[in-house]
Amino acid sequence: MKMTFRWFGEKDDSVTLDQIRQIPGVSGIVGALYDVPVGDVWPIEKILDLKKKVESYGLELEVIESVNVHEDIKLGLPTRDRYIENYKETIKNLGKAGVKVVCYNFMPVFDWIRTNLNEKLPDGSYVMSYDEDKIRGIDPLKLIEDMDKGSNGFILPGWELDRLKELRMLFDMYKDVDEEKLFDNLKYFLENIIPTCEEYDVKMAIHPDDPPWSLFGLPRIVTCKENLERIVNLVDSPYNGLTLCSGSLGSNPENNIPELIRYFGKMGRIHFGHVRNIKFTGEGKFYETSHLSSDGSFDMFEIMKAYYDIGFEGYIRPDHGRMIWGEKARPGYGLYDRALGVAYLNGLWEAIQKMS
Ligand code: DNO
């Protein structure tokens with residue numbers, strides 16, 4: 001297992017590489033280029049600049065989160081072929097720069113969704129929370145506004161306003177895309193890009209939908225064991241793999257995270273693990289806690305043990321943390337609570353290792 005830490009770049013992150021390198025046991029960062037529009041090729045020079053910067057702090061750049069997939073690919077429009085060619089070009093460039101894993105998602109229109117980005121807990125910390133009842137009554141445009149207002153002045157990953165401006169048009173276009181069609185479009189995308197991934201040794205790792213169910217009538221397919229299995233079989237190559245995100249999948253209590261890790265891990269299809277803990281407060285209601293088992297609803301020991309037992313050699317990162325100690329950062333992506341998460345997950349790993 002390689003412990004990593006997500007970083008949004010010098011311009012867009014309150015956390016610095018200097019701070020990240022001082023977190024014990026972090027070998028690399030999970031990065032991206034944030035100034036390339038979705039669908040364009042990531043220029044090799046820019047990738048190499050980022051790599052150089054990261055490496056100058058003694059850290060690696062082997063994981064990218066995300067190379068976002070253009071909406072035309074998800075919609076299956078005739079224009080998709082142009083964007084798929086660009087995606088392949090980006091993979092080539094990333095491979096040449098030594099990147100090993102690309103995390104991406106296939107969620108129509110929206111990326112992850114929370115209904116409150118700053119919920120105060122009794123101990124004075126702030127967390128992100130989700131309440132399905134609030135989603136039912138809300139206009140998607142209002143949701144975007146709320147996400148933007150609650151973001152502490154940062155642009156949230158996947159919530160770039162430009163892309164979401166054409167929301168009404170996008171909703172209309174998705175009227176003809178049901179789950180089956182979305183599976184077809186994912187298959188088409190994977191069939192086209194996986195040979196390039198194999199050639200340049202870059203493993204694709206699809207991120208689960210967050211939360212893992214349909215919202216606003218839009219189809220969502222990366223949701224459960226059955227669908228994950230279908231996805232890894234769309235193209236039978238180890239380069240077609242998963243980001244196993246405990247918080248996203250686990251917000252449906254029917255998804256048993258340790259079991260999923262064992263199942264897909266043994267198939268060699270998990271390339272990246274996002275380890276997040278959440279606390280259920282009702283049906284379709286939860287908030288994101290510290291990583292500690294006793295703070296949330298997941299048994300983090302069992303999750304790390306599952307990774308250990310499958311001999312996991314991929315990348316792991318702590319996921320959304322709380323905002324603590326007065327920190328002002330991107331919701332979910334502050335320094336302190338994620339650093340505590342790293343220490344805790346590394347501690348569990350060491351204990352499991354020594355007791356095995
Ligand atoms: C949110 C993240 C997502 C994730 C993408 C992957 O904090 O988990 O934005 O990076 O869905 O493409």
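Of the 356 residues in the protein, 57% are buried, where buried means under 20% relative accessible area with a 1.4 Å probe and protein chains only. This is a predicted model, in which local features need pLDDT of at least 70 and side-chain atom pairs count only at pLDDT 80 or more, while totals for chains, interfaces and linings use all residues. Residues are numbered from 1 along each chain as its sequence is written, and side-chain values use heavy atoms, with hydrogens and water left out.

The protein contains 14 helices and 12 strands, taken as DSSP runs (H or I of at least four residues for helices, E of at least two for strands) and numbered from the N terminus. Its radius of gyration is 19 Å, close to the 21 Å that the globule rule gives for 356 residues, so the protein is as compact as a globular protein of that length; the radius is taken over C-alpha atoms, and the rule is 2.2 Å times the number of residues to the power 0.38.

Strand β2 (residues 28-31) runs parallel to β3 and is joined to it by 3 bridges, pairing being assigned if DSSP finds at least two bridges between two strands. Between β2 and β3 the chain passes through helix α2 (residues 44-55) in a right-handed β-α-β crossover, meaning that, with the strands pointing away from the viewer, the path from the first strand over the helix to the second runs clockwise. Glycine 28 has glutamate 60 of β3 as its bridge partner. Strand β4 (residues 101-104) is also parallel to β3, again with 3 bridges, and here isoleucine 64 is partnered by valine 102 of β4.

Note on methods:
Buried < 20%, exposed > 50% of the residue type's maximum accessible area, 1.4 Å probe, protein only.
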